[in-house]
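Here are my notes on the model, point by point. Please read them with the structure open.

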Amino acid sequence: MSMRLQLAFLLGAGSLIGLSSAYIGVAVGEEVTPAPAEQSTEPTSEALPLDELRTFADVFGRIKEDYVETVDDKALIESAIRGMLAGLDPHSSYLAGEEYRDLQVGTSGEFGGLGIEVGLEDGFIRIIAPIDDTPAQRAGLQSGDMIIRIDDKPVKGLGLGEAVKLMRGKPGTEIALTIMRGTEQKPFEVTIERAIIQVASVKSRILEPGYGYLRLTHFQAHTTDDMMQALEALKKTNEGPLKGMVLDLRNNPGGVLNGAVGVSDAFLTDGLIVYTEGRVKNSEMRFSAGPDDVLDGAPIVVLVNGGSASASEIVAGALQDQKRAIVMGTETFGKGSVQTIVPIDETTALKLTTARYYTPSGRSIQAQGITPDIKLERGEFKPLTDQELESLREVDLMRHLDEQGEGVETQSTGENKPLAVEDFQLSEALNVLKGLTILGRGKQQ
């Protein structure tokens, strides 16, 4: 593996302040490692496009002479650079000043804001995923929501960076977002109070005796270690090995490559995890699993949805291709490209797409995503209340037998909601997990 890429590659569906997608309130970047010198000094095999460069110079000169206001040379050239990168793909961008500093301090896991990852789509801001236990999630924002106004200011025509700046602010201050959800509902407004976002990347609990639950909210450098500690705690709580586990990657927008590889490796005993291919030789990598499986072959169900992106898709794709887990839920986001941070000087850098990710079987994640083994749409389970149950009895049915007897008593769910009410998809995943346990499935084949 090329060591320079361990820290330089970012896997989130966007970066902290990327051109087309960005985190508002959670930092998951890594320390930037410069690209090797040989990559930047390698001569190009193609001749310079002199005619096009003359056209560029002519346009530059015309703007300098005729534009209605005086334009600074540096600002004009920077705009040209941003335009070049924006024309490539949604994830390549030019990082300068505050943008570059935000990326460099992105390892803290703490950031002021709302707790969402957003992207630019058709001129509007699309929510890729709200982060657990953040103001955005508590306000009810969902993956796929479109932000059309920020404090009554239309976002149409704004760049993503401009929209991000509007949404960020001093903790404790409020912001009003106008949201469009689906095509049939009318836009509605949500008021959210900004906060310092401190997100635990791993959550865990015992669903039922023998069956564990791990929720990964995003992938940071320490996510694998945190997950291993959570698994040990689950085993102690269970007082023995787990029969099976649900790995919840819903609304997990990604993070760093090492986190995704480490999590996948924890459950695999051999074989490929992920590989990359690009034009530059240094962008080609292959990651394989070690011999240990922390669950000793116990079955796994992986939950995903449209907010599962990038690093989440690498994990789901690896476990699915290696026959190690059943993937349930809906189609994932489909972000399978690699961005390399190439510093230009102390204050600027390029975030450039240099490769694509592929699952062990050779599937490209980019614009395809991961198709679940079992498709399970988001649902809601509403049990009948005592009053509703009591209102329907045998005597109410047509042509009932005329017999006397006591009515059947019903029990209220009380304060502890059944799992199906709390989280329908998770409840169904647990049912599948029990079935896999009965069938003895789970070990890598």
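1. R54 is partly exposed, at 49% relative accessibility. This is a predicted model. The side chain of R54 meets that of D51 in a salt bridge, 2.9 Å from N to O. D51 is exposed, with a relative accessible area of 55%. Both residues lie in helix α3, 3 residues apart, about one turn of the helix. An α-helix has 3.6 residues a turn, so residues three or four places apart point the same way.

2. Helix α3 covers residues 50-66 and also holds L53. L53 counts as partly exposed, at 43% relative accessibility. With L48 and L50, L53 makes a nonpolar surface patch of about 300 Å².

3. A second salt bridge to check joins the side chains of K64 and D73, at 2.5 Å from N to O. K64 is partly exposed, at 37% relative accessibility. D73 is partly exposed too, at 36%.

4. Which parts of the chain does the D423-R250 pair link? The side chains of D423 and R250 meet in a salt bridge at 2.7 Å, N to O. D423 sits in the loop between α12 (419-422) and α13 (424-439), while R250 sits in the loop between β14 and α9, 173 residues away. Both residues are buried. They belong to a network of salt bridges that also links D132, D133, K203, R215 and D248. The whole structure has 18 salt bridges.

5. N252 is in the loop between β14 (244-248) and α9 (257-267). Is N252 buried or exposed? Its relative accessible area is 0%, so N252 is buried. A polar atom of the N252 side chain lies 3.0 Å from the backbone nitrogen of G254. Beyond four places in sequence, N252 touches residues including L216, T217, H218 and F219, as well as G307, S308, A309 and S312.

6. Helix α9 is largely enclosed by the rest of the structure, because 9 of its 11 residues are buried. Among them are L257, V261, V263 and F267.

7. Now confidence. The protein averages a pLDDT of 82, and 78% of the residues score at least 70. Strand β17 (residues 300-304) has the highest mean, 98, and helix α1 (residues 4-8) the lowest, 33. Residues 36-43 stay under 50, and the model has 6 contacts for them beyond four places in sequence. Residues 405-415 also stay under 50, with 7 such contacts. Where pLDDT is low, the predicted coordinates should not be read in detail.

How values were computed: Residues are numbered from 1 along each chain as its sequence is written. This is a predicted model: local features need pLDDT of at least 70, side-chain atom pairs count only at pLDDT 80 or more; totals for chains, interfaces and linings use all residues. Side-chain values use heavy atoms; hydrogens and water are left out. Helices (H or I, at least four residues) and strands (E, at least two) are DSSP runs, numbered from the N terminus. Buried means under 20% relative accessible area, exposed over 50%, partly exposed in between (1.4 Å probe, protein chains only). A polar contact is a pair of N or O atoms within 3.5 Å; within protein, one must be able to donate a hydrogen and the other to accept it, and residues adjacent in sequence count only if both atoms are side-chain atoms. Contact means heavy atoms within 4.5 Å. pLDDT is the predictor's confidence in each residue, from 0 to 100. Patches are made of residues with over 30% relative accessible area and no salt bridge: like charges are joined within 9 Å, nonpolar side chains (Val, Leu, Ile, Met, Phe, Trp, Tyr) within 5 Å. Accessible areas come from the Shrake-Rupley method with a 1.4 Å probe; for residues, only the protein chains shown count as cover. A salt bridge is a side-chain nitrogen of Lys or Arg within 4 Å of a carboxyl oxygen of Asp or Glu.
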